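Please examine the structure shown below. The questions that follow may be read alongside it.

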Amino acid sequence: MWLYVLVGVLALLAGVALGFFIARKYMMNYLKKNPPINEQMLKVMMMQMGMKPSQKKINQMLKAMNGQMGK
């Protein structure tokens, strides 16, 4: 009896762990293919905040954002 409960709990834990890693991998691939923000959106945001966007500043911000996404 206890063996069935133990096997059930272990299978449940293994399924949760496996599901988590599969979902994480899927989301990382999705965000890599469809980034949530692009260069044009960043330019518009900076202009709305009253900044004059230079290409260097935009590139720095995109690089910083992509660096955080890769972690």
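**Questions on a predicted model**

Q: Is Val5 buried, partly exposed or exposed, and what is its relative accessible area?
A: In this predicted model, Val5 is placed in helix H1, which spans residues 2-33. Buried requires a relative accessible area under 20% and exposed requires over 50%, with partly exposed in between. Val5 is therefore partly exposed, since its relative accessible area is 43%.

Q: About what area does the nonpolar surface patch that includes Val5 have?
A: Val5 contributes to a nonpolar surface patch together with Met1, Trp2, Leu3, Leu6, Val7, Val9, Leu10 and Leu13. The area of this patch is about 1,000 Å².

Q: Is Val16 buried or exposed?
A: Val16 also has its place in helix H1. The relative accessibility of Val16 is 54%, and exposed means over 50%. Val16 therefore counts as exposed.

Q: How many Å apart in space are Val16 and Pro35, C-alpha to C-alpha?
A: In sequence, Val16 and Pro35 are separated by 19 residues. In space, their C-alpha to C-alpha distance is 27 Å.

Q: Is Pro36 buried or exposed?
A: Pro36 lies in the loop between H1 and H2. Its C-alpha is 18 Å from that of Lys57, which is 21 residues away in sequence. Because its relative accessibility is 52%, and the cut-off is over 50%, Pro36 counts as exposed.

Q: Which residue has a backbone nitrogen that a side-chain oxygen of Asn38 reaches at the start of helix H2?
A: Helix H2 covers residues 39-48. At its start, a side-chain oxygen of Asn38 comes to within 3.3 Å of a backbone nitrogen, and that nitrogen belongs to Gln40.

Q: Which residue with a positive phi follows H2?
A: After H2 comes a residue whose phi is positive, near 90 degrees. This residue is Gly50.

Q: Which residues does Gln55 touch, not counting residues up to four places away in sequence?
A: Gln55 is in helix H3, residues 55-69. Not counting residues up to four places away, Gln55 touches Glu39 and Lys43.

Q: Which five residues form the largest nonpolar core?
A: In soluble globular proteins, nonpolar side chains tend to be buried together. The largest nonpolar core here is made of Ile37, Leu42, Met46, Ile58 and Leu62. H2 and H3 each supply at least two residues of this core. Leaving aside neighbours within four places, one of its members, Leu42, is in contact with Ile37, Ile58, Met61, Leu62 and Met65.

Definitions and conventions: Residues are numbered from 1 along each chain as its sequence is written. This is a predicted model: local features need pLDDT of at least 70, side-chain atom pairs count only at pLDDT 80 or more; totals for chains, interfaces and linings use all residues. Side-chain values use heavy atoms; hydrogens and water are left out. Patches are made of residues with over 30% relative accessible area and no salt bridge: like charges are joined within 9 Å, nonpolar side chains (Val, Leu, Ile, Met, Phe, Trp, Tyr) within 5 Å. Accessible areas come from the Shrake-Rupley method with a 1.4 Å probe; for residues, only the protein chains shown count as cover. A salt bridge is a side-chain nitrogen of Lys or Arg within 4 Å of a carboxyl oxygen of Asp or Glu. Helices (H or I, at least four residues) and strands (E, at least two) are DSSP runs, numbered from the N terminus. Buried means under 20% relative accessible area, exposed over 50%, partly exposed in between (1.4 Å probe, protein chains only). A polar contact is a pair of N or O atoms within 3.5 Å; within protein, one must be able to donate a hydrogen and the other to accept it, and residues adjacent in sequence count only if both atoms are side-chain atoms. Contact means heavy atoms within 4.5 Å. A nonpolar core is a set of buried Ala, Val, Leu, Ile, Met, Phe, Trp, Tyr and Cys residues joined through side-chain atoms within 4.5 Å.
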